[in-house]
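This report describes a complex of two protein chains for a reader who is new to structural models. Please keep the sequence and the structure in view while reading.

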Amino acid sequence: MRFVLRRLGFYLVAFWVSVTLNFLLPRVMPGDPISRMMSQSQGRMTPEQVVQMQALFGLDNRPILQQYIGYWHSLFTGEMGVSISRFPTPVSEVIASQIGWTILLGSTALLIAVVIGNLLGILAAWRRGGVLDSALPPILVFIGSFPYFWLAMGALDVFGVVLGWFPLRHAFSAGATPSLSPEFIGDVAMHLVLPAMTIVVVSVGGWMLAMRNTMITTTSEDYIVMAEAKGLKANRIMFRYAARNATLPAVTNFGMAIGFVVGGALLTEVVFAYPGVGFQLLSAVTALDYPLMQGIFLTITGAVLVANFIVDMVYVRLDPRVRAS
Amino acid sequence: MAHRRFNTKARVLAALAVAGGLALAGCSGATTGSGDLDGTQLLTIPREDKATFSANFNPFSPNSMPMTQQAIYEPMFVFNPTDGTTTPWLATDWASSEDGMGVTFTLRDSVQWSDGDPMTAEDVVFSFELQKELLGGFEYLENVTADGAKVVFTYNTAFSPGLFEIGQQIIIPKHIWADIADPANETNSEPVGTGPYTEVTNFQTQSYSLLRNPHYWQPDKQKIEGILMLAFAGNDPANLATTNGETDWADQFIPNVQNAFVAKDSEHRGYWFPSVDAMINLQLNTTKAPFDDVAVRKAISMAIDREEVTSVAMQGYTHPADCTGLSDAYGTWRSADVVASCDWTTLDVKGANALLDDAGYPQGADGTRTLPDGSPFAFDISVGSASSDWLSVANIISQNLAEIGVTATVNSPDWSAVVAGYEDGSFDSGIVWSNNAPTPYQYYRGVMSTATVLPVGEQAFQNYHRFGLPAADDLLAQFAASGDDAEQVTVMNELQAVYAENAPLVPLFPGPRWGVYNTTRFTGFPSEDNPYAPLSTRSTTAVLVLTTLEPVVSK
């Protein structure tokens with residue numbers, strides 16, 4: 001219990017630091033949101049409109065300390081304000097309309113990559129020097145080091161444009177109405193294939209290598225030799241003796257990756273025009289939309305901290321040594 | 001414990017298998033969006049700058065959804081910059097008063113809102129009240145009164161350019177908006193307008209449709225069923241959809257448009273980029289030496305190879321500016337005499353060198369020039385890093401200026417840093433847009449009126465280079481006060497001469513307005529031969545296109 005409390009205290013401090021940074025960083029950036037709109041419109045906005053918009057947005061010109069206090073107040077009330085780049089839509093509404101798709105895409109891709117990567121890693125380490133072990137890691141690392149944008153555009157061109165197997169964009173067909181019907185779920189799954197698979201292809205190599213390396217260390221442990229000497233089945237040794245112990249670092253990585261799922265997959269969203277938080281964050285930053293930026297950063301910070309906390313707790317359960325220390 | 005863990009993995013695998021199965025099942029059902037050409041196909045338009053849509057159809061909001069001001073709400077008249085014509089829309093007629101102190105609009109009768117209520121002069125009066133309350137502007141408007149089917153606008157000062165601002169103001173229904181408590185924060189998700197396509201249907205974060213207004217005042221012009229807007233996070237995916245033939249009308253920038261888009265189906269596809277957008281200029285901060293010297297501004301202008309700038313950096317989609325600084329939208333105003341009388345926008349390296357030699361900027365042994373106080377003649381050109389085309393423009397200018405011994409360094413941080421420098425007047429020079437309105441009044445006011453010059457350190461939104469001439473002020477005031485066309489032309493000619501003499505900034509090229517079309521599913525798009533509107537989906541002229549297009553029906 002003391003361990004849990006200590007960790008909790010640590011997370012509270014981390015939360016305060018990151019929330020304060022969320023507040024300060026956007027304000028250090030030069031310019032203001034309306035000047036940004038002006039430069040983006042490149043002459044389509046008149047100088048009069050700029051003055052009009054300042055009146056409309058009612059920009060926050062209070063002293064920074066008061067803004068900071070107001071910011072904390074809004075954190076606890078969940079009232080994150082109105083987005084500037086999507087005025088007058090509230091920040092919470094902007095995030096809520098995207099976060100579902102973000103989580104669907106991110107968690108699907110993450111789960112597939114983790115499962116395939118770890119299984120391949122286990123098998124590769126178990127048959128060290130075999131075909132799987134010598135051929136796959138270099139290939140996966142090679143593919144993983146491609147610029148993602150290029151790879152995704154290529155996949156879109158081959159499987160979407162030339163072969164026409166998969167839709168080119170969006171989370172579901174334009175004109176379809178979301179429902180729980182099999183047709184709609186099939187439509188969503190179809191639209192998910194290319195975006196998710198491109199993420200899996202570039203990330204699976206990392207999972208595989210990490211697993212393979214820890215697995216190799218574990219397989220040289222005495223208790224594996226012991227298990228083999230007892231004549232246990234190879235499968236049983238591989239999964240329950242070696243893999244179970246080798247899986248600890250993977251759990252840490254998985255926990256961190258879960259947290260970052262909420263941040264969205266920026267390039268995937270751009271290439272496949274998939275709705276999501278990642279592109280929203282980019283456009284909020286380029287438009288200097290402080291309320292939206294803060295809202296998204298806060299969501300990401302919260303998700304990463306919560307995921308890490310859960311991993312910490314799971315660790316206690318998985319690894320008795322952590323409890324003891 | 002071990003069992004449970006393994007079971008979890010097995011469950012995950014099973015779930016994945018199901019997902020994969022669904023994916024394969026969906027495979028057979030996937031169809032491309034084109035569908036049958038039965039006349040009910042929707043006009044598909046991409047928006048590359050809205051990654052996702054949020055249902056905001058408030059016409060006063062700067063982020064309202066595309067087509068709010070084009071298909072849902074309408075102005076009293078529509079001005080077309082490509083041929084300079086004005087089409088009566090919600091008003092049938094208007095007359096400026098002789099003394100330039102006002103204008104009277106006569107409204108079209110039998111115009112109805114999309115909920116069936118009639119549109120009245122009261123709606124127009126209320127629209128201006130709300131516009132002034134929410135966004136300000138229209139400082140010259142003393143009052144607006146309804147008089148039967150007429151609306152009378154009275155000014156507190158003579159201001160003839162006000163006609164175009166008033167005529168192009170969006171009109172909203174009083175019976176809806178008068179009851180809205182907080183109109184600035186209203187998202188107006190079920191808009192009521194007079195436009196041809198007002199019925200928002202199937203709104204999703206990535207697409208939505210606008211279908212026919214059942215009470216439109218020109219039902220014979222609603223030939224298409226409706227509009228389908230698609231959201232894209234950037235030019236690349238939007239261009240993919242456009243070049244793939246999935247959009248009917250698009251106006252995002254497509255590089256190498258002839259090969260990338262038109263060549264794939266030249267029978268149906270076309271583009272038209274008229275140079276009617278704002279003039280793009282090299283602005284030199286005249287509060288800093290040596291840019292306060294007109295000889296320096298002209299010499300820099302003469303050293304710039306505008307042909308190279310437009311053909312290389314702008315891919316040949318526009319043409320060099322002349323020394324009136326007017327874009328093609330002001331073709332009827334341009335004075336041929338002024339254009340013939342000056343040469344500082346023509347490439348002439350020798351002349352530029354001679355001009356600088358005479359003005360006291362000596363060229364040293366190493367070829368670089370110095371200012372009269374002995375410091376090197378060197379400055380920065382600031383451009384936002386995101387604008388790759390303008391960056392090329394700046395780089396070409398930098399090379400050009402090296403030939404006259406002037407060191408111009410291209411400085412390209414993020415746009416926000418660049419614009420912050422423009423606004424507080426701390427920049428050296430930059431590639432900058434300018435004001436663009438139906439008459440050249442706003443352009444000249446923004447580049448050489450003392451009224452728009454703010455001291456360095458104060459935030460300016462126009463006239464970043466901080467140049468003003470009392471002579472220009474007088475002419476601008478004369479122009480604004482005049483209700484007479486012939487007199488306006490005379491004053492505008494004099495303004496052009498003042499501009500040509502003083503070179504307040506260095507005009508480079510008029511901005512092109514992008515637009516491409518695909519006639520596979522719809523016909524009747526504007527083109528160079530039929531310039532009834534630019535091919536832009538974002539300007540108010542889009543309503544002219546929407547009421548002209550016809551669906552293709554396959555037999």
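## The contact between the chains

The contact draws 59 residues from chain B and 60 residues from chain A. On chain B, the side that touches chain A receives at least two residues from each of the following elements: helix H1 (2–29), helix H3 (121–135), strand S11 (226–233), helix H6 (235–243) and helix H13 (415–424). H1(B) supplies the largest share of that side, namely 12 residues.

## Confidence in the model

For the complex, the predictor gives an ipTM of 0.75 and a pTM of 0.82. Chain B has an average pLDDT of 89, and 94% of its residues score at least 70. Over residues 1–34 of chain B, however, pLDDT stays under 50. Where pLDDT is low, predicted coordinates should not be read in detail. For residues 1–34 of chain B, the model has 27 contacts beyond four places in sequence. Helix H1 (2–29) of chain B, which supplies 12 residues to the side that touches chain A, lies within this stretch of pLDDT under 50.

## The overall form of chain B

Chain B contains 17 helices and 21 strands. Its radius of gyration is 27 Å, close to the 24 Å that the globule rule gives for 555 residues, so chain B is as compact as a globular protein of that length. Along the principal axes, the C-alpha atoms of chain B fill a box of roughly 80 × 75 × 55 Å. Of the 555 residues in chain B, 49% count as buried. Among contacts in chain B between residues at least 6 apart in sequence, 68% join residues at least 24 apart.

## Backbone features in loops of chain B

A cis peptide bond, with omega about 0°, joins Ala289(B) and Pro290(B). Pro290(B) is placed in the loop between strand S14 (279–284) and helix H8 (294–303) of chain B.

The loop between helix H14 (441–448) and helix H15 (470–481) of chain B holds Asn463(B), and Arg466(B) also lies in the loop between H14 and H15. Each has a positive phi although neither is a glycine. The table sets out their values.

| Residue | Phi | Other C-beta atoms within 10 Å |
|---|---|---|
| Asn463(B) | Asn463(B): near 50° | Asn463(B): 26 |
| Arg466(B) | Arg466(B): about 55° | Arg466(B): 22 |

Are these residues buried or exposed? A residue counts as buried if 20 or more other C-beta atoms lie within 10 Å of its own. Asn463(B) has 26 such atoms and is therefore buried; Arg466(B) has 22 and is therefore buried as well.

## Features of chain A

In chain A, helix H8 (residues 182–219) has 38 residues, yet its end C-alpha atoms are only 45 Å apart. A straight helix would reach 56 Å at 1.5 Å a residue. At Ser203(A), H8(A) bends by about 40°.

Phe76(A) belongs to helix H4 (residues 64–77) of chain A. This residue counts as exposed because Phe76(A) has 7 C-beta neighbours inside 10 Å, and the cut-off for an exposed residue is 12 or fewer. Phe76(A) and Val271(A) are 195 residues apart along the chain, and their C-alpha atoms are separated by 36 Å.

Terms used:
Residues are numbered from 1 along each chain as its sequence is written. Chains are lettered from A and ligands numbered from 1 in the order in which they are written. This is a predicted model: local features need pLDDT of at least 70, side-chain atom pairs count only at pLDDT 80 or more; totals for chains, interfaces and linings use all residues. Two residues are in contact if their C-beta atoms, placed from the backbone, lie within 7 Å. Helices (H or I, at least four residues) and strands (E, at least two) are DSSP runs, numbered from the N terminus. pLDDT is the predictor's confidence in each residue, from 0 to 100. The radius of gyration is taken over C-alpha atoms; the globule rule is 2.2 Å times the number of residues to the power 0.38. The expected span of a helix is 1.5 Å times one less than its number of residues. The bend at a residue is the angle between axes fitted to the seven residues ending there and the seven starting there.
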